[in-house]
Structure formats: C-alpha cells, structure tokens
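Reader: I would like to learn how to read a predicted protein model. Please take me through one, feature by feature.

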Amino acid sequence: MAIDPQVVEKHAVSRYTTGARINHWITAITLVLLATSGLALFHPVLFWLTGLFGGGAATRAIHPWLGVILFFSFAGLFFRFVSLNAWNKDDTEWMKNLGAVAKGEEDKLPELGKYNAGQKLVFWGMSLLILGLISSGVVIWDKYFDHLSGVDQKRVAQLAHSWLAVGAITIWIVHVYAAIWVRGTIRAMTRGSVTAGWAFRHHRKWLREEARKPVGTTGKAP
Ligand code: HEM
C-alpha cells in the first residue's frame, strides 16, 4: 500500500541547514566550472571548451580564480563537517562488508552515524586533493607567482596538478553516482531534509541521536 506523501513529509528529518546547502552548491558548481576550464587547457582536443569561457586567454585567466573560490568554499564544507567524518571501527567493519551494502543488506552491519565510510573517504579524498591542487596551482600561476619557482619545479607542479585533477574528477563522479544510487539522498542537499525511512535504513545511529534532541533543535548543526 502506498504511503500518503503528507505522512512522509510530516516525518521528514532535517539534515542540512540552508547555509550548508548554499555552501555545498557553490562548491559543486565551482568544481564543474574548474574541471571544464581545466580540461579545455589540458589537451588540444578539448580546446573548444574555452568557447564557454570567452576564449583561450580568458579561460587561462579565469581558471585559477575558480580554484581560489573552490578552495575557500570547500574549506567552509571542511570545517562544517570534519568532526562528523572522523573514522571509527564501524567504518572499518562497513568497508569489509561492501558486498552486503551493494545488496541492500545494511541491517547486517553496524548502525551508522551521519556519514558512512564511503562518504568519509570522499570527504578526506577531496580534502587532500583540493589542498594538493591549490598548492601545485599556485606554483604554475605565472601571472602572480612566476618568480617563486624555477622551470623544473613548475614542470613537476604541472604534472602533479593534472594527476590531482584526474583524482578529484573521479571522486566527484563517484560522489554524484552514490548520491543518485542511494534513493532519497539528493533531497538532503536540495530540500535540506530526508525521510525518516531513509534515515532509519542508512544512518540509524544518527536518526536515534536526532530523535533524542529537544523538538525544534534537530538538524540545526552544521
Ligand atoms: C553536482 C554535483 C554534486 C551532487 C549532485 C552532490 C550531492 C550531494 C548530496 C546529495 C549530499 C548529501 C549526502 C548525505 O547527506 O548523505 C552531498 C554531501 C556532500 N557533498 Fe556533494 N554533491 C555534488 C558535488 C560535490 C562536490 C564537487 C564536492 C566537493 C568538492 C562535494 C562535497 C560534499 C561534501 C563534503 C558533503 C558532505 C558529506 C561528508 O561530509 O562526508 N559535493 N553531496
């Protein structure tokens, strides 16, 4: 029997504040623009993508500034969510049983807090890659920092920058795929809430913690 949508909404659990969602979507849009402008500069086959940014010279000028925006925007996400992404023994257990997760048998695994091990790996992976991308990016940002490094250092930085970007794009694809694959997840970042059923199924320990909070205070942080 279908459940009345009004009942589902009545029991929705708040997951993100408006500020956190704005912070997330600025980060997401910036990463897409960065990847597009970066790929445009990476290989002649993709040079046509510079048309989206007003030509080759404009793309070259805009790309590093997008990197600066991503760095600060992601820093916002980092400080909001870092405490919730600390690794614990349940995460190790979860990673050892990915087969059960894929089969939707999460009941056989320990109850989870706000994030699962996969989400935590995305969080830490992105954190390290973005740190590496901004550091190597500064070394090859000749307009302002040319004098700070030599040709050999710039070559190493250029190579590292490209590989780190491949890593970030890969993690981004995994992140988006997982958000779509686990039904009912996207609305956490669009509407700020999830259904109680979703929370019970995927993040039961978190749901229990939220349920213990006084009425009106759930989902307030971060
Ligand atoms: C269009 C692309 C994107 C989509 C559709 C998307 C979707 C989502 C969704 C639905 C959540 C909530 C998951 C949950 O609460 O269980 C989430 C969380 C998150 N997203 Fe994204 N996202 C995108 C891009 C990005 C990018 C580019 C980054 C970082 C560079 C990012 C970083 C995060 C972080 C840090 C969280 C919180 C999870 C955690 O701390 O482990 N997202 N995203």
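Author: Start with H24, which touches L77, H175 and M189 when residues up to four places away in sequence are not counted. Contact here means heavy atoms within 4.5 Å. This is a predicted model, in which local features need pLDDT of at least 70 and side-chain atom pairs count only at pLDDT 80 or more, while totals for chains, interfaces and linings use all residues. Residues are numbered from 1 along each chain as its sequence is written, and side-chain values use heavy atoms, with hydrogens and water left out.

Reader: Where is H24 found?

Author: H24 is found in helix α2. Helices (H or I, at least four residues) and strands (E, at least two) are DSSP runs, numbered from the N terminus.

Reader: Is H24 buried or exposed?

Author: The cut-offs come before the case: buried means under 20% relative accessible area, exposed over 50%, and partly exposed in between, with a 1.4 Å probe and protein chains only. H24 has a relative accessible area of 14%, so H24 is buried. H175 has 36% and is therefore partly exposed.

Reader: Which residues are the protein donors of the iron atom of the ligand?

Author: Donors are N, O and S atoms within 2.8 Å of the metal (3.2 Å for Na, K and Ca); water is not among the atoms, so sites may look incomplete. In this model the protein donors are NE2 of H24 and NE2 of H175, lying 2.0 Å from the iron atom of the ligand. H24 belongs to helix α2 (residues 18-42) and H175 to helix α8 (residues 151-181), so the pair ties together parts that are 151 residues apart in sequence.

Reader: Why is the arrangement of the 6 donor atoms around the iron atom octahedral?

Author: Four donors count as tetrahedral if all angles lie between 85 and 135 degrees; four count as square planar and six as octahedral if opposite donors are over 155 degrees apart and all others between 65 and 115; anything else is irregular. Here the 6 donor atoms subtend angles of 86 to 179 degrees around the iron atom of the ligand, which makes the arrangement octahedral.

Reader: What is H175 in contact with, leaving aside its neighbours within four places in sequence?

Author: H175 is in contact with H24 and V122. For a distance along the chain, take H175 and S83: they are 92 residues apart, and their C-alpha atoms are separated by 19 Å.

Reader: How should I read the packing of two helices?

Author: Two packed helices are described by the angle between their axes and the distance between the axes. Axes are lines fitted to C-alpha atoms, for helices over the stretch in contact, and angles run from 0 to 180 degrees between N-to-C directions. Helix α3 (residues 56-81) packs with helix α6 (residues 117-139) at an angle of about 145 degrees, and their axes are 10 Å apart. A crossing is left-handed if the near helix is turned anticlockwise from the far one by less than a right angle, and right-handed if clockwise; α3 passes α6 in a left-handed crossing.

Reader: Which residues of α3 and α6 meet?

Author: From α3 they include F71, F74, L77 and F78, and from α6 they include W124, S127 and I130. The residues of this contact divide into 13 nonpolar, 2 polar and no charged. Ala, Val, Leu, Ile, Met, Phe, Trp, Tyr, Cys and Pro count as nonpolar, Asp, Glu, Lys and Arg as charged, and the others, Gly among them, as polar. S127 has 12% relative accessibility and so counts as buried. Its neighbours within four places in sequence left aside, S127 is in contact with F74 and F78.

Reader: Where is L49 found?

Author: L49 is found in the loop between α2 and α3. At 11% relative accessibility, L49 counts as buried. L49 touches T36, L39 and A40, with residues up to four places away in sequence not counted.

Reader: How many helices and strands does the chain have?

Author: The chain has 11 helices and 2 strands. Of its 222 residues, 36% count as buried. The C-alpha atoms fill a box of roughly 65 × 35 × 35 Å, taken along the principal axes.
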